Amino acid sequence: MALYVLLRIGGTVLDSDTQAAATPVPVPAGSHWIATWGASPQAATAGDLSRAGFRDATIREMVLTSAAGVRLRLRLTNAYGSGPLRIGQAAVAVDRGGPNTVPGTSRVVYFGHRRSVVVAPGGEAISDPVALATGPATRLAISIFLPRATGPATQHADAQQVNYVATGAHTADGGSAFKIRTHSWYFLDGVDVLGAPRALGSVVALGDSITDGVGSGLDTNQRWPNYLAGRLNGRSGATLAVVDEGIGGNRVLNSSLCCGVSAVARFERDVGDQPGARDVILLEGINDIGYSQNRGPLTAPHTDVSALQIVQGYERIITLAHTAGLRIFGATLTPFVGARYWTPAGEAKREAVNNWIRTSGAFDGVIDFAGAVADPEDPDRLNPAYDGGDHLHPNAAGYQAMAAAINLGALLSGG
């Protein structure tokens, strides 16, 4: 019987019998770590692979960087695990399309110079730096081998991205073993890059399904945070990475089984703990309004939240941001007449909330997303050219219009 000795390095539990890395990766002078990609963790849900979890399986997950770097590192999460999560091995490569990787780009990922790591329930493991340079929009394929039963899997339920699963250990496989498709990310909540001084830090988009990119199209990377990253990286001089921390159905004030913990409750984890975070863009509240009309168990509680209560939630988030040394920009709630949970009373709340965002002076700046996508003939509705089809979520053109409404100079100013 093998003897396992558990070590704790940087708050992460490691197995002493795993393979050690040959040499540590050097850190170039003048560079600094910044978050280049993120996905807010959620508990397992019925109806997808997360409920049963994984065993003797490799997950290959596709992500898009938002800032260039000479090295990268992964952040793996067991935020909602009921027991220790064993990562048998992990690798990262450049994505060639589908589950396939670009030959010669695959890199083994180490944790404390070892290939295997055990992450405690509720914990996170940060990898050693990986010698793989990335551009500002590099598609990465991240492979995680799970040798033992994970139990219900921590996930990000709606990735707007096809990811893949293979039976057995296939982290170095070019792609042929990956036969199962999934639309969620599992156990991966962040990628950081060692960025040049040009990248001042990261702007974190804190929001709901509109920030998560519902309606943008599968595998297209056409969420508004993607378009914002493209605008920032298309300019000369200083820039910022963009980290998308949207969760479909999320609310400012209340947590739910379907849609994650509230924006107030997850702020420190999803925003404050992001390496290099500088700015926050907050776009939440439409579900606080709309779910007042719902009665399904997954979206409970269905409290009749007032505009004042939503504003008070914003004030709490603003305080959290400023306490963390971050600037926060408030975004107006976009039109939703015709959506399944629209009511005249809900519309009155949206208008009251937007009036407060625009006039209170509580935020460090205001972004008028509502104006950017409203129908010029009927501002209470989405512009038909920007309507994703459900009268709530914009399409890709709408998300591009939202990103275009953001003042890049305001994000980049302030030291």
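Q: What do buried and exposed mean here?
A: Buried means under 20% relative accessible area, exposed over 50%, and partly exposed in between, using a 1.4 Å probe and protein chains only. Thr 134 counts as buried because its relative accessibility is 7%. This is a predicted model: local features need pLDDT of at least 70, side-chain atom pairs count only at pLDDT 80 or more, and totals for chains, interfaces and linings use all residues. Residues are numbered from 1 along each chain as its sequence is written, and side-chain values use heavy atoms, leaving out hydrogens and water.

Q: Where does Thr 134 lie?
A: Strands are DSSP runs of E, at least two residues, numbered from the N terminus. Thr 134 sits in the loop between β11 (124-126) and β12 (139-146).

Q: Which residues is Thr 134 in contact with, leaving aside neighbours within four places in sequence?
A: Contact means heavy atoms within 4.5 Å. The partners of Thr 134 include Thr 65, Leu 72, Leu 140 and Val 193.

Q: How is a pair of aromatic rings described?
A: By the distance of the centres and the angle of the planes. Rings of Phe, Tyr and Trp (its six-membered ring) pair if their centres lie within 6.5 Å; planes under 30 degrees apart are stacked, over 60 edge-to-face, the rest tilted. The structure holds nine aromatic pairs. One of them joins Phe 54 and Phe 187, edge-to-face, at 6.4 Å centre to centre and 70° between the planes. This pair links distant parts of the chain, 133 residues apart.

Q: Are Phe 54 and Phe 187 buried or exposed?
A: Phe 54 is buried, at 7% relative accessible area. Phe 187 is buried too, at 2%.

Methods
Helices (H or I, at least four residues) and strands (E, at least two) are DSSP runs, numbered from the N terminus.
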